Amino acid sequence: MKRSLSERPCTIAVEGNIGSGKTTFLKHMGNLGNITIVAEPLDKWRNCQGHNLLDLMYKDPKRNSFTFQSYVQLTLLQAHTMKTPTPFKMLERSIYSARYCFVEKLRRDELLSAPEFSVIDEWFKWIRKEQDVGVDMFVYLRTDPEVVYDRIVKRDRAEERRVPFEYIRSLHEIHEDWLLHKTLYECPAPVFVVDANVDLGMIGSEYERFEEEVLHKKM
Ligand code: DCP
């Protein structure tokens with residue numbers, strides 16, 4: 001049954017390209033108290049009943065993108081609806097970036113067939129209508145694609161070794177169109193933009209700006 005809106009904590013979804021620093025941002029905010037951090041379900045994506053769906057997707061995107069994105073949508077729905085003891089909840093990504101950025105990119109590249117896309121899209125529409133997946137604000141960790149590509153290469157996550165620069169550049173453009181230019185689909189909440197190009201160890205002042213301009217006003 002759909003939960004009433006009043007049950008939902010103030011929900012902030014942290015978005016940005018792969019390697020933009022979402023995990024670091026959330027770790028920092030988690031130390032402030034009063035906020036429940038819901039990290040991206042990457043562990044689940046790497047181990048769905050023993051299957052590493054992330055790896056399968058990168059190895060053979062045409063064969064496995066539908067499987068992976070279907071599971072991503074389920075696990076992000078679980079994150080959106082997870083009950084929290086605090087008045088604030090911060091999500092790493094959301095069903096919105098999954099649908100509007102990643103599924104969109106796969107659709108454009110024809111790595112999802114038209115019927116596969118339709119099934120994911122129908123699920124997405126049903127979730128939006130029947131579940132309480134509202135977001136009150138997006139934080140957009142904005143980066144240059146060159147910067148995140150460099151970070152991805154350096155962190156050397158096994159599954160991501162095949163990711164070409166072109167994919168990162170294109171995902172960047174899609175995030176820009178969705179969250180900044182507002183020309184792609186709909187953006188269902190206000191967007192707070194953080195300059196996430198600076199070295200992740202030195203990003204304190206950008207974090208403080210978010211704390212002062214958003215959190216202190218809402219708390
Ligand atoms: N991914 C995907 N489709 C989605 C969500 C994520 O293909 N709907 C992939 C992209 C990455 C991996 O999952 O290979 C994790 O991506 P994220 O950008 O969500 O997480 P990061 O760990 O890269 O975030 P950050 O480095 O910003 O902390």
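These legends walk through several close-up views of the predicted model shown above.

Residues are numbered from 1 along each chain as its sequence is written, and side-chain values use heavy atoms, with hydrogens and water left out. In this predicted model, local features need pLDDT of at least 70 and side-chain atom pairs count only at pLDDT 80 or more, while totals for chains, interfaces and linings use all residues.

**View 1. Helix α1 and its buried face.** Let us start with α1, which spans residues 22–30; helices (H or I, at least four residues) and strands (E, at least two) are DSSP runs, numbered from the N terminus. K22, F25, L26 and M29 are buried here, where buried means under 20% relative accessible area, exposed over 50%, and partly exposed in between (1.4 Å probe, protein chains only). Viewed down the axis of α1, these buried residues fall within an arc of 95 degrees, so they line one face of the helix; the arc is that of the directions from the helix axis to the C-beta atoms. An α-helix has 3.6 residues a turn, so residues three or four places apart point the same way. T24 also belongs to helix α1 and is partly exposed, at 33% relative accessibility.

**View 2. Helix α7, with a buried side and an exposed side.** Within α7 (residues 145–155), the buried residues are P145, V148, R151 and I152. Their arc around the axis is only 125 degrees, which puts them on the same side of α7. E146 and K154, on the other side of α7, are exposed. What do the buried residues of α7 pack against? Their partner is α8 (165–180), with contact meaning heavy atoms within 4.5 Å. Just after α7 comes D156, with a positive phi of about 55 degrees.

View 3. T36 sits in strand β2 (residues 35–38) and is buried, with a relative accessible area of 14%. T84 is in the loop between α4 (61–81) and β3 (88–92), and at 19% relative accessibility T84 is buried too. The side chains of T36 and T86 make a polar contact at 2.6 Å. A polar contact is a pair of N or O atoms within 3.5 Å; within protein, one must be able to donate a hydrogen and the other to accept it, and residues adjacent in sequence count only if both atoms are side-chain atoms. A polar atom of the T84 side chain lies 3.4 Å from the backbone oxygen of T86. Leaving aside residues up to four places away in sequence, T84 touches P9, T36 and K89, and T36 has neighbours including M82, F88 and M90.

View 4. Are R8 and D132 buried or exposed? R8 is buried at 17% relative accessible area, and D132 is buried at 4%. Another pair joins the side chains of R142 and E176 at 2.8 Å, N to O. This bridge links strand β4, which holds R142, to helix α8, which holds E176, across 34 residues. R142 is partly exposed at 34%, whereas E176 is buried at 5%. Shared partners also join R99, D121, E122 and K125 into one network of salt bridges.

View 5. V119, W123 and W126 make a nonpolar surface patch of about 330 Å². Patches are made of residues with over 30% relative accessible area and no salt bridge, with like charges joined within 9 Å and nonpolar side chains (Val, Leu, Ile, Met, Phe, Trp, Tyr) within 5 Å; accessible areas come from the Shrake-Rupley method with a 1.4 Å probe, and for residues only the protein chains shown count as cover. V119 lies in helix α6 (residues 114–130) and is partly exposed, with a relative accessible area of 38%.

**View 6. Two loop residues with positive phi.** Q49 lies in the loop between α2 (42–46) and α3 (53–59), and its phi is near 50 degrees. Q49 is exposed, at 78% relative accessible area. E110 is placed in the loop between α5 (95–108) and α6, with a phi near 60 degrees. E110 is also exposed, at 56% relative accessibility.

Notes. Salt bridge = Lys/Arg side-chain N within 4 Å of Asp/Glu carboxyl O.
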